[in-house]
Amino acid sequence: MPSLVNFWTRIIDWFRDRQDRVQLIAGFNRAAREAFINGEAPTHLEACVSRGYRPYKHQFSNFFNSGFRIKVFYGKQLSKQDTVNIGNVILANDTLVRRLVVLGFDTLEVHSDVGTYGCRWQLRDYIMIGEG
Amino acid sequence: MLLGRSTKYDDKRSRIKQQVKSEGDIDFGNIVNSAFGAEALYKELICKCHPDRFAPDINKVAVANDITERLGKHKNDIKKLKELKVEAINKLNINL
């Protein structure tokens with residue numbers, strides 16, 4: 001009987017994590033939209049879930065869709081420096097990185113809406129669980 | 001039934017998850033603003049607050065050292081950079 005309870009707990013956890021992922025992405029998109037409308041951000045950022053990069057897998061990774069992708073609506077190819085800057089700002093926020101990792105993301109991707117190039121980071125390299 | 005087996009590994013995993021989820025809200029607005037404004041503000045502050053600019057005054061050099069150290073720590077956080085800007089204006093008497 002305890003094993004059935006554990007199985008049921010896992011299903012609930014899965015749905016709870018899924019809900020948290022959706023809320024996190026919605027929160028980011030809402031903030032990005034507000035910043036763009038208020039003129040604080042010159043371009044619009046949009047977060048979405050992507051397939052991720054399998055070699056970056058860690059113990060919390062989702063089996064499918066483990067990438068956190070930020071799309072920059074810039075209208076042309078972003079320079080590497082700008083792409084890296086946006087990625088660094090995300091990675092500098094320890095709380096966000098830790099939250100992303102436990103919610104099953106393992107890859108951060110930043111790219112422009114135009115062009116084929118972007119940057120990706122392994123989130124595992126930026127977590128500091130147990131150090132704070 | 002095999003799926004339902006609980007292990008020590010699972011317990012540790014769920015404990016870490018709970019700990020991270022309870023860390024509080026994330027300020028997404030600050031993150032988005034930092035993505036575009038933090039670098040320029042950091043560069044401006046790091047130039048104006050460089051300790052060598054206050055060389056003869058030992059007290060100001062100490063304050064400038066402290067501020068530049070914290071600038072490096074928070075270079076991607078525009079909220080913290082704005083607080084440091086106010087502190088630099090008040091303590092170092094610089095025009096920004």
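Reader: What makes β3(A) and β4(A) a pair, and in which sense do they run?
Author: Two strands pair if DSSP finds at least two bridges between them. In this predicted model, β3(A) and β4(A) share 5 bridges in the antiparallel sense, so they meet that definition. In this pairing A:V110 stands opposite A:C119 in β4(A). The hairpin of these strands has 5 residues between them, and A:G115 takes a positive phi near 90° there.

Reader: Before we go on, how are things numbered, and which parts of the model count?
Author: Residues are numbered from 1 along each chain as its sequence is written, while chains are lettered from A and ligands numbered from 1 in the order in which they are written. Local features need pLDDT of at least 70, side-chain atom pairs count only at pLDDT 80 or more, and totals for chains, interfaces and linings use all residues, with side-chain values taken from heavy atoms, leaving out hydrogens and water.

Reader: What joins β2 to β3 in chain A?
Author: Strand β2 (residues 67-73) and strand β3 (residues 107-112) of chain A are joined by 6 bridges and run parallel. Here A:I70 stands opposite A:V110 in β3(A).

Reader: Why are β1 and β4 of chain A said to stand at the edges?
Author: The open sheet has 4 strands in the order β1-β2-β3-β4 (chain A), with mixed pairing. β1 (44-50) and β4 (118-122) each have a single partner strand, so one side of each lacks a neighbour in the sheet. From one strand to the next, the twist averages 20°.

Reader: How many helices and strands does chain A have, and what counts as one?
Author: Helices (H or I, at least four residues) and strands (E, at least two) are DSSP runs, numbered from the N terminus. By that rule chain A has 3 helices and 4 strands, running α-β-β-α-α-β-β from the N terminus on.

Reader: What makes A:R16 and A:D13 a salt bridge?
Author: The rule asks for a side-chain nitrogen of Lys or Arg within 4 Å of a carboxyl oxygen of Asp or Glu. The closest N and O atoms of A:R16 and A:D13 are 3.9 Å apart, so the pair passes. Both residues lie in helix α1 (residues 2-37) of chain A, 3 residues apart, about one turn of the helix.

Reader: How many salt bridges cross between chain B and chain A?
Author: The rule finds 2 across that interface.

Reader: What describes the packing of α2(B) with α4 of chain B?
Author: Two packed helices are described by the angle between their axes and the distance between the axes. Axes are lines fitted to C-alpha atoms, for helices over the stretch in contact, and angles run from 0 to 180 degrees between N-to-C directions. For α2(B) and helix α4 (residues 78-92) of chain B, the angle is about 35° and the axes are 8 Å apart.
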